[in-house]
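Subject: Structure for your review

Dear colleague,

Please find below the structure that I am handing over to you. My notes on it follow directly after.

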Amino acid sequence: MEATSTVFLQVILLLGGGIVAGTLFKRIGLGTVLGYLFAGIVLGPALRLVDGRDGSILHVGELGVVFLLFVIGLELKVGRLWRLRHQIFGLGLSQLVATGLALTGTAMLFGLGWRAAAVIGFGLAMSSTAFGLQILEEKGEMNTRYGQAAFSVLLFQDLAVVPLLALLPLLSTTSSGSGFDLEALAIAVGAILWLLLAGRFLLNPLFRILANAGAREVMIAAALFVVLGAGLLMQATGFSMGMGAFIAGVMLAESTYRHELEASIEPFRGILLGLFFMAVGLSLDLSVISRNWLLILAATPVVLVVKAVVLHVLTRAFGESRETSARVATLLPQGGEFGFVLFNTAVAAAILPAETASVLVAIVTLSMMLTPLTSWLGHRIPGGAEEEELDEDFDGAGSDVLMIGFSRFGQIVAQVLLSSGIDVTMIDNSAERIRTASRFGFRIYFGSGTNRDVLEAAGIRRALIVAVCTNKQETTDRIVDLIRAEFPEVRLFVRSYDRAHALSLRARGVDYELRETVESALVFGGETLKGLDVDPDIARRVVQDVRRRDHERLKLQEAEGLFAGRDMVVTRVVTPEPLVKPKQEAEVFYAGDGDDGTPTDRSARARRTEPVAK
């Protein structure tokens, strides 16, 4: 009972520390990752309230990385992953080899033998999947060009886990040198193939059955089962659990249940990933740091600089921009959690002494702690903000109406059309908006209306009407100009920004335009009149008259310019004549008779039924 109470107390302390530190660090702009690390250091090495040195909390927290990779896999279709193959096996392989050799040479300069230096070099060449991906997720940059490049590097490093571990027996001074197990490698490859086949032919039917059952808790349990089962299968064959979860996610990326699965996994991912970062702080051994603090403080910047320089040079060599290369280099210069495993395994194989492994773990931990700072510095480099990108196959696109832009305006238009039984193909260039809309069941595709190929793929030649509902004037103009030049037969219905924009669109020959606020403002004004107790019929006629005069003025401005028809604008209260001549004279209403039978004062409603001035 006492042991159980101790466990619960540690859980409460970890939760409380994570809540306080995560919130505080997020509010001051340093991010939750650094907050969780700080909480772990305070609760563990500093105050010794929680003991994380045995690694048990770290192992549980690693499940957060597993769930994170599963969620990322859900966002990556197989076709898109195939298109990233050059970055994964080109940039990823080049980074690992070049960084490993550079750090190996640096370690040898300090007098280490080549075997120990190779383990140190390639162990430190690995970056932290947890830190890198969490920062990308927090900033919403997973689908930017630099996010995809960073992800490709991390994914290849996860693939390299098996060969690096397999090479350790060959470096051991106590080994005969014949430790490369081809049978184990064949089993690992077979496990990947089995997981791919199971994902393609078993998972979708499984989730279809569970969804028809209608039990949400069963879907959650099934999601956890798939993630952990795939992870354990890969771990049993030598790969990381995260690799198995990632493959399972990719196999379900085409599934109609992927949004439900993501929502089911998300709470577990967030909590366990926070626990992982706190566990890294808990595992910090202050005694090792106190004995070797000078070496650690000197070696950590060296590791960060060497990795950042290599990453920047290679990313540029693979055709990325200066800004993208700098951001990748400042996101991934830290050591990774796989280094903990590699260094401990090297100790067991008598390649490294235990004291050296402890120093290396401290260097990796310190480099992790500095990651939010290096990433922040990378974002201070001048350059435009990167737009999130998604790949799209436009399967099933093409209908009578092609809608470009699905912001607040387009969503209401879509409701009108869909409620009338009209099929609509919708495209938008916001990945986040598409994810949100997809959760509500909308069929919406990622793409820019300023791209001719996207318009072709979305079925513009089939469309009877193209509804341009974008919310930026310059974007709307570019789309209209492109469609008028390339698809002149298409009818264009366009959302305009203001009066000047409406006139410019009419000059471009659009079939219909509407200022984005005019109708809502007319309705708002009419309801305000009703709120002032104006007779509803009079309020309606007032709104109709304002709409008519606005339309007539716009026609006049088309012919004579923007400043024509100024006399048609009411700028102050006037009283010469009724705005709309009433069909009968206004009557005087009374609120009611008093107790003595005498009329009371005229009510506000009676006053508002008199003619309304123009």
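I begin with Glu516, which, leaving aside its neighbours within four places in sequence, is in contact (heavy atoms within 4.5 Å) with Phe409, Arg495, Ser496 and Tyr497. Glu516 sits in the loop between strand E6 (512-515) and helix H24 (518-531), where helices (H or I, at least four residues) and strands (E, at least two) are DSSP runs numbered from the N terminus. Its relative accessibility is 19%, so Glu516 counts as buried, a term that means under 20% relative accessible area, with exposed meaning over 50% and partly exposed in between (1.4 Å probe, protein chains only).

Two remarks on provenance belong here. This is a predicted model, in which local features need pLDDT of at least 70 and side-chain atom pairs count only at pLDDT 80 or more, while totals for chains, interfaces and linings use all residues. Residues are numbered from 1 along each chain as its sequence is written, and side-chain values use heavy atoms, with hydrogens and water left out.

For the chain as a whole, there are 26 helices and 6 strands, and buried residues make up 47% of the 614 residues. Of the contacts between residues at least 6 apart in sequence, 72% join residues at least 24 apart. The chain exposes about 30,700 Å², of which carbon and sulfur atoms supply 62%; accessible areas come from the Shrake-Rupley method with a 1.4 Å probe, and for residues only the protein chains shown count as cover.

Leu195, in helix H10 (residues 182-213), is buried, with a relative accessible area of 8%. Not counting residues up to four places away in sequence, Leu195 touches Ala230, Leu233, Met234, Gly244, Ile247 and Met251. Leu195 and Met234 are 39 residues apart in sequence, and their C-alpha atoms are 8.9 Å apart in space. Among the buried residues of helix H11 are Ala230 and Met234. H11 (residues 216-236) has 21 residues and reaches 30 Å from its first C-alpha to its last, close to the 30 Å expected at 1.5 Å a residue, where the expected span is 1.5 Å times one less than the number of residues. H11 is followed by Gly238, whose phi is positive, near 105°.

H6 is mostly covered, with 9 of its 12 residues buried, including Val119, Ile120 and Leu124.

Helix H2 (residues 32-46) and helix H7 (residues 129-139) pack at an angle of about 130°, with their axes 10 Å apart; axes are lines fitted to C-alpha atoms, for helices over the stretch in contact, and angles run from 0 to 180 degrees between N-to-C directions. H2 and H7 are therefore oblique to each other, given that angles under 35 degrees count as roughly parallel, over 145 as roughly antiparallel, 65 to 115 as roughly perpendicular and the rest as oblique. In this packing, Thr32, Val33 and Leu37 of H2 meet Phe131, Gln134 and Glu138 of H7.

Finally, Arg48 has a positive phi of about 55° although it is not a glycine. Arg48 is found in the loop between H2 and helix H3 (56-74), and at 61% relative accessibility Arg48 counts as exposed.

Best regards
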